[in-house]
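Visitor: Hi, I'm new here. Could you walk me through what I'm about to look at?
Guide: Happy to, let's bring it up.

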Amino acid sequence: MEAKPHAVLVPFPSQGHVTPFMNIAKLLYARGFHITFVNNDHNHNRIIRTRGPEAVAGLPDFRFESIPDGMPPSNPDATQELNQLCVATHRNCLPPFRDLLAKLNCQHDAPPVTCIVGDAIMSFTTVAGREIGVPVASIWTASICGLMGYLVYPELIRRGIIPLRDWSDLTNEYLDMPLDCVSGTEKVPGGVRLREMATFCRITDIDEPTFKSLTESTQSSLKADALLFNTFEELEDAMIEALDIERSKVYPIGPLTLLAKTVTQSPLHLMKSSSLWTENTECLHWLDQQKHQSVVYINFGSIAVMTQENFLEFCWGLANCGYPFVWVLRSDLIMGQPPVLPEGYEELTKDRAFFTTWCSQQKVLEHSSVGVFLTHAGWNSTLEVISAGLPVICWAVHGDQPMNVKYIKSVWGNGLDLDPNVTREEIVKQVHVMLAEEKSKEIRRKALEWKEKAHKATSVGGSSYNQFERLVNEFLLKKPHPGGHSNDV
């Protein structure tokens, strides 16, 4: 009997990357692949702390491994410092990943590695895969419009737009500079500005390590033999066309949370959640007691942080808006510190507020009581709310989020935004618009249209469903070839 194909999956070690990778792993497992899922040591140990050792025990043909990233020890229950992590994985992970592949290929109770699915910003996976001669698919886990905000960095340098002249450019009108060099954005209403480019370019030193590693990784991602995106053609077709890469190498296979639902039966009960956090389910029971589409759900994702001043504005904006709300308050939300609610706040809002440290976001967004999602507009959250058909209020914090917000507000039409220097008055106003004003009807209509398109794309015969079939049959199942080579990527 011919051995199973063996896929090794390597996400960047943060929640927003691990989640889509787990969905791909489930899909490939259902297609008969042996799976090795590779976390970094920090997250591997964190999963054990959160969900117990059985969560990484795996199955005979779905196994978990981990590799070191060279980072110093940090809070075992929180996400590692993102900038340092980007640099560390770029510099340190190739040797231990080579060693892991050699170990996997020597196992007697598992088939040899036949393909790798690596994170696009973990470019060492492409180097290692080429060395052993197996196909390597790179996945960009964020939006394509967000990717364009990284790919434009070299042109911004050439034009002298970055680095910034000094830090005052963050607070004067410099970031409002219109840009005509971002591929695919020519027809975006109002155009795009420097402030909507991925935020890592907000530097005064061109040799800043995080900027350099991300620039190199994103540029090299275009050289991949297969480039996967957690998006769907109907949502970002103009941006797909604008990519400087052969269309046949591009695989839009999202939203992956919906596509993974096509796997109706699976023994992966231990891996049904990819959360690095302990999930609270009581909020769902609380939502059962609320009125239809009356609740504001607030979650700023797994890594976004805010100042104490920002936090207080959100506290009093939500208190003053008059609507019930569910708020996810991570233990490291306030610049890495636990959030502390103002004195008397819980008593003031006790009849209409539910606070939790983490929850199943997909289930919350699909609950009939939720009327609007207040989000940082990270890509997983953006796709999940599109899949649920809800409107959004966005407060962009970091990375590609500003570009996502631009598209949500100006192109897709399913949400509104808040100023980075958010005020309680603005929060009250936007919540009221979404839950009480006539203007929200058009936004809700758009949100439902995108939901229908997302579900159609991931159903049998849809664009993302067909792209995933093409990925498996035409790329990942290609026979390994001996004597691979390692290009610099």
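This is a predicted model: local features need pLDDT of at least 70, side-chain atom pairs count only at pLDDT 80 or more; totals for chains, interfaces and linings use all residues.

Visitor: Which residues of α5 are the buried ones?
Guide: They are Phe124, Thr125, Thr126, Val127, Ala128, Gly129 and Arg130.

Visitor: And what do they pack against?
Guide: Several strands and a couple of helices. The strands are β1 (6-10), β3 (62-67), β4 (115-119) and β5 (136-140). The helices are α3 (82-92) and α4 (94-104).

Visitor: Let me zoom out. How many helices and strands are there in the chain?
Guide: The chain has 19 helices and 15 strands. Its radius of gyration is 22 Å, close to the 23 Å that the globule rule gives for 489 residues, so the chain is as compact as a globular protein of that length.

Visitor: What does the C-alpha trace span along its principal axes?
Guide: About 65 × 55 × 45 Å.

Visitor: And what share of the residues is buried?
Guide: Buried residues account for 60% of the 489. As for the surface, the chain exposes about 20,100 Å², and carbon and sulfur atoms supply 51% of that area.

Visitor: What about contacts between residues at least 6 apart in sequence: what share joins residues at least 24 apart?
Guide: That share is 74%.

Visitor: Switching topic: which peptide bonds here are cis?
Guide: I can show you two. One joins Ile162 and Pro163, with omega about 5°. Pro163 sits in the loop between α7 (153-158) and β6 (178-179). Another runs from Gly254 to Pro255, with omega near -5°. Pro255 is in the loop between β9 (250-252) and α10 (256-259).

Visitor: Why point those out?
Guide: Because most peptide bonds are trans, and most residues other than glycine have a negative phi.

Visitor: Then which residues other than glycine have a positive phi?
Guide: Gln293 is one of them, with phi near 50°. Its place is the loop between α11 (282-288) and β10 (295-299). Ala377 also has a positive phi, near 65°, and is in the loop between β13 (370-375) and α15 (379-388).

Visitor: Is Ala377 buried or exposed?
Guide: Ala377 is buried, with a relative accessible area of 0%. Gln293, on the other hand, is partly exposed, at 35%.

Visitor: Now I'm looking at α17. How far does that helix reach?
Guide: Helix α17 has 13 residues, 424-436, and reaches 18 Å from its first C-alpha to its last, close to the 18 Å expected at 1.5 Å a residue.

Visitor: Which of its residues are buried, and what covers them?
Guide: Ile427, Gln430, Val431, Val433, Met434 and Leu435 are buried. Their cover includes helices α12 (308-321) and α18 (440-458), along with strands β10, β13, β14 (392-394) and β15 (415-417).

Visitor: Pick one of those. What does Met434 contact?
Guide: Met434 is buried, with a relative accessible area of 1%. Beyond its neighbours within four places in sequence, its contacts include Val372, Pro391, Ile393, Leu416 and Ile443. Pro391 is 43 residues away along the chain, yet the two C-alpha atoms are separated by 7.7 Å.

Visitor: Where is Ile393, and is it buried or exposed?
Guide: Ile393 is in strand β14 and counts as buried at 2% relative accessibility. Besides Met434, its contacts beyond four places in sequence include Gln430 and Val431 as well as Phe373 and Leu418.

Visitor: One last stop: where does Tyr29 lie?
Guide: In helix α1, residues 15-30. Tyr29 is buried, with a relative accessible area of 13%. Tyr29 and Phe62 are 33 residues apart in sequence and 7.6 Å apart in space, C-alpha to C-alpha.

How values were computed
Residues are numbered from 1 along each chain as its sequence is written. Side-chain values use heavy atoms; hydrogens and water are left out. Helices (H or I, at least four residues) and strands (E, at least two) are DSSP runs, numbered from the N terminus. The radius of gyration is taken over C-alpha atoms; the globule rule is 2.2 Å times the number of residues to the power 0.38. Buried means under 20% relative accessible area, exposed over 50%, partly exposed in between (1.4 Å probe, protein chains only). Contact means heavy atoms within 4.5 Å. Accessible areas come from the Shrake-Rupley method with a 1.4 Å probe; for residues, only the protein chains shown count as cover. The expected span of a helix is 1.5 Å times one less than its number of residues.
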